[in-house]
Amino acid sequence: MTPQTLDDLRGAQPRFQGLESGHRACQGCGQALAARLTLEASGPDVVVANATGCLEVFTTAWPDSAWRVPWLHSLFANTGAVAAGMEAALKMQGREIKVLAFAGDGGTFDIGFQALSGMLERRHNVLFICYDNEAYMNTGVQRSSSTPHAAATTTSPAGTARMGKRHLKKDILSIIAAHHIPYAATASIAYPADLRKKVRRGIEVDGPSFLQIHSPCPLGWGHGGELSIEVARLAVQTGIFPLIELEQGALIGAMPIRQIHPVADYLKLQGRFKHLFADDPLAREELAHVQALADQNIETYGLQGAIPDPLDTEGADTVRRGGLRFA
C-alpha cells in the first residue's frame with residue numbers, strides 16, 4: 001500500500017454536511033461558510049432553531065431546503081426562547097440531543113437579546129451561535145448595535161458632519177460573560193479548525209454556551225466575494241476582532257497575533273469604511289480612533305505573540321483560495 005501523507009488522510013476524511021450546497025447565499029457569504037463549518041463540527045445529532053434573517057432566507061426558499069438536520073424557523077425576537085422550549089421538550093422525552101440556536105447580530109445583540117438572556121439565566125443546555133455580519137443585512141444593510149464605530153450603513157451614512165456610525169460596537173461577549181455560563185467564545189471563518197474546536201466545546205458542556213462567529217458580508221461591507229476570507233483574517237490580525245474563550249465569565253485563552261497589522265489594512269478593503277481614507281481631518285481622527293480600539297483589544301487580551309506559536313494567527317490552519325492550508 002502506498003504510504004499516505006497527513007494531508008492525504010485529511011482529504012479522505014468524510015465530513016458530515018448539515019447544510020447542502022445550492023442555496024441562495026451571495027457569493028463569498030461568510031455566514032453560509034460559518035453555518036457549514038458549524039454543522040460539520042456538530043455532526044447530525046442536533047436540532048436547530050434559526051432566527052429570521054439571511055441564513056433562514058437563503059436556505060429555505062419555498063419549496064426547497066438546504067438543511068439536513070431538524071430545523072425550526074423562529075422570529076427575530078424569540079430564538080433563545082424557542083431553543084429553550086425545544087431543549088425542555090427533548091429533556092422530558094429523555095433524548096440527549098443538543099439544541100443549536102442560530103441568529104445574526106440583529107437577532108442576538110438587539111431584537112433577540114431579552115430571550116437570549118433568559119435562556120442563559122435559566123441554564124438551558126443550548127449552544128447559541130451568533131453569525132456576526134455587523135448589520136441588518138437581510139433588510140437593507142441598516143446599522144445594528146454590532147456595527148463597528150465609523151462604519152457606513154443605510155441608517156448611519158457617512159457625510160460631512162458624521163463619519164458613519166457614531167457609537168461603539170456592543171461588547172456582547174462581556175454581557176454574555178456576566179451570566180457566568182460554562183463557555184463562551186469568539187471565532188472567525190478564516191480559522192476553521194479553531195471554529196470547529198469551539199463548536200465542539202460548546203456542544204460538550206452541560207448547560208448554555210455561546211459562540212460569536214465573525215462573518216463578512218460582501219454586499220453590506222462593500223468588498224468582493226473573493227476577499228471574504230482575507231477580510232476575516234485581517235480582522236483577527238489587526239486585533240479589531242480578537243479570538244478568545246471564556247469559562248464561567250473568566251478569560252481562559254486567546255489566539256496570539258504573530259504579526260500585528262495596522263487596522264487600515266483591514267478597513268481599506270471595505271467600501272463601508274472608504275470615507276476614513278479621504279483627505280479630511282475628521283476622517284483621520286476617526287481612523288486613529290479605530291486603531292486605538294484595536295490596540296486596546298491587543299492590550300486587554302494579551303494578543304501580542306512573543307514567539308512563533310503553531311496556534312497563533314500565522315500557525316493555525318486558515319482558509320485560502322484552493323482549500324485549507326495546514327501549517
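Which residues have the most contacts inside the largest nonpolar core? They are Leu 39, Trp 67, Phe 102, Tyr 131, Leu 211, Ile 213 and Leu 267, in a core of 59 residues. A nonpolar core is a set of buried Ala, Val, Leu, Ile, Met, Phe, Trp, Tyr and Cys residues joined through side-chain atoms within 4.5 Å. Buried means under 20% relative accessible area, with a 1.4 Å probe and protein chains only. Apart from this core lies another, of 28 residues, among them Ala 49, Ala 101, Leu 116 and Leu 120.

This is a predicted model: local features need pLDDT of at least 70, side-chain atom pairs count only at pLDDT 80 or more, and totals for chains, interfaces and linings use all residues. Residues are numbered from 1 along each chain as its sequence is written, and side-chain values use heavy atoms, without hydrogens and water.

Now the sheet. Eight strands form an open sheet with mixed pairing, in the order β2-β1-β3-β4-β6-β5-β7-β8. Strands (E, at least two residues) and helices (H or I, at least four) are DSSP runs, numbered from the N terminus. Two strands pair if DSSP finds at least two bridges between them. The edge strands, β2 and β8, each pair on one side only. Strands β5 and β7 run antiparallel, joined by two bridges.

Two helices contact the sheet strands, with heavy atoms within 4.5 Å. Angles run from 0 to 180 degrees between N-to-C directions of axes fitted to C-alpha atoms, for helices over the stretch in contact.

| Helix | Strands | Angle |
|---|---|---|
| α2 (residues 30-42) | β1, β3, β4, β6 | about 155° to β4 |
| α4 (residues 79-92) | β1, β2, β3, β4 | about 160° with β1 |

Key. Buried < 20%, exposed > 50% of the residue type's maximum accessible area, 1.4 Å probe, protein only.
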